[in-house]
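Please read them with the structure open.

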Amino acid sequence: MNINLIMNNNYFEIIRAGINTTFQDEGRDNLYHIGIPFSGAMDRRNFYLANKLVNNVLNAPIVEFAYQGPQLKYVGDKLNISVTGDVVFKIKKNDTEIVGNCYESYQIENGDEINILSTNKSVYGYLAIGAEIDLNYQWKSCSINTRAKIGSNNGNKLTDGQKFNLLNINTKQNKKKLNYINSKVENLRIIKGTNFDYFSLEGAKNFFSKQFIVSKLSDRMGMRLEGPKIENIVNSNIKSEGLIKGVIQVPADGNPIIMLSDHGTIGGYPKIGVVASVDYDRLVQISPGSKIKFQEIELSDAETLFKLYEMETQNLLSQI
Amino acid sequence: MIKNISNLGDAAVYCDFGKEVNKEINSNVIKYFYSIRNQKIKGINNLTPSYNKLIISFDLKLTNFKEIKKKIENLNINEAFVQNNKKITIPVCCEATFGLDIDILEKKLSLKREKILENFFNKEYFCYMTGFIAGMPFLGNLNKNMHTKRLETPRVRVPKGSVGITEQFANIYTFESPGGWNIIGNTPVEVFDSGNEKDPNMISPGDEVTFNEISLDEYKSYHEQ
């Protein structure tokens, strides 16, 4: 009896939480009207691939981190893990330390440590765990939305010294590997927004030809850009209305802001464009200081490209 | 009733009901919102009603703009749809610690504090929409002599419970948040309750809201009652 209790007590202890570490799944829908965004894993493809590598259902809760990830100590039965993204990490077993490869599953044991050092020239990385993470759900999702304090961990980022428990561990070794390298984008494909004609010809030309720099003031809510001024000739405010992820708003100062997964649901700045869905996973991975350009695309092309991207994701999943 | 339907990106439909902000247009938006929701149309995963627009988000894996547009154009709108509107009273304390911008408003509006508060409290408001942050209600309309712009420099942190005004609107900050509205007081009431998943918002579009002034003592003892 006593042994059973000990055997069932599987958990991770967070030695160092990292910069912006949260639990995420696919997020929560149909709540925009009360002010709650989708949230969920920022880079869907890497989220799904990580779960598949440890034989989880694709929408299983995952540890998402940005820039510097967590250092975790594991206590419990044998367990499979995987890391996806462009991530530098190490696994420590007793006195030996190995450098981990992304897109490869590893079996870890009692006392092992996972140290996620950095996301290399990218932003988000994922740690999937071949077990059920014991989490609270709100609106059928564990995704942490720190602004509204919604989701697991009382809607807060993970902190140093915390523990999280694991249930239904898959102890069988599950050796999986995928040959995959994240492609980067510098040209983001944009569909013209509903207020495109608020901007001067010169402003519109600047928007589609000049470089923009991703500002440090970027997070899960939005990405701020700096670049040539985009002159507004109508009104720098509109009557507040709904937003969706990928919308590019231009406030009075002329610096565009791209709405990301935890965005405010309503906004009052003109919408110059929307990032095509095909580029969203790669958009969120563009790190502060990077230079980007916008390229206009028609709706029908955006739809076709998204279909191809989805097929590619399915193809990658089927190789695992 | 929809003046124009266009695409917002590749995964949302943008329904424009007009330029003006008034109860009639907003009621049309809300009617469409409920009608679309009740139809449970395949692929639609979010709806955002606002003053005079309705944005319909959909899953591009399951459907596309053309399909959703067609369905919206052929939709039967239930004209007889009766909204279950509530009348809600929100207590607000305007003492110095809470009424952060009353001094500035005296100058901007050329009105004395007493007159500003009298105007604000002697009014029934209509909830046009909720959002930006979870549960934040956008209420209107303030008297013409109360209309003013946002703060020139928005606050990095507006305290939770703050009641603000700008243009013809009033709102309540349901969480600490950045914001540029002129803050005239603070409510001890939890206007958003994430613990109540079925009905987390105290105030919903279509509801009628009045504010009543409370003292600092009443504010402090509010949660002890």
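1. Two strands pair if DSSP finds at least two bridges between them. With that in hand, take β11(A) and strand β12 (residues 163-167) of chain A, which pair in the antiparallel sense over two bridges. In this pairing A:Glu132 stands opposite A:Leu167 of β12(A). The model is a predicted one, and the points below should be read as a description of that prediction.

2. On confidence, the model scores ipTM 0.94 and pTM 0.94. For chain B the average pLDDT is 94, and 97% of the residues score at least 70. Where pLDDT is low, the predicted coordinates should not be read in detail.

3. Which sheet holds β11 and β12 of chain A? They belong to an open sheet of seven strands in chain A, with the order β7-β6-β9-β4-β1-β12-β11 and antiparallel pairing. At the edges are β7 (96-99) and β11 (132-133) of chain A, each of which pairs on one side only.

4. Chain A is divided into domain 1 (2-167) and domain 2 (187-319). Between the C-alpha centres of domain 1 of chain A and domain 2 of chain A there are 28 Å. The contact between them takes 20 residues from domain 1 of chain A and 16 residues from domain 2 of chain A. On the side of domain 1 of chain A that touches domain 2 of chain A, helix α2 (residues 44-53) of chain A gives the most, with five residues. The residues of this side of domain 1 of chain A divide into eight nonpolar, six polar and six charged.

5. Strand β21 (residues 291-296) of chain A has pairings in both senses to look at. With strand β13 (residues 187-192) of chain A, β21(A) pairs in the parallel sense over four bridges; here A:Leu188 stands opposite A:Phe294 of β21(A). With strand β14 (residues 212-214) of chain A, β21(A) pairs in the antiparallel sense over two bridges. There, A:Ile213 has A:Lys291 of β21(A) as its bridge partner.

6. For chain B, the domain assignment gives domain 1 (4-73) and domain 2 (87-224). The C-alpha centres of these two domains of chain B lie 29 Å apart. Eight residues from domain 1 of chain B and seven residues from domain 2 of chain B make up the contact. On the side of domain 1 of chain B that touches domain 2 of chain B, α1 (23-39) and β3 of chain B each supply at least two residues. The largest share of that side, three residues, is from α1(B). By class, this side of domain 1 of chain B has four nonpolar, three polar and one charged residues.

How values were computed:
Residues numbered from 1 in each chain as written. Chains lettered and ligands numbered in written order. Predicted model: local features only at pLDDT ≥ 70, side-chain atom pairs only at ≥ 80, totals over all residues. Domains from an automatic or database assignment. Contact = placed C-beta atoms within 7 Å. Nonpolar A, V, L, I, M, F, W, Y, C, P; charged D, E, K, R; others polar. pLDDT = per-residue confidence, 0-100.
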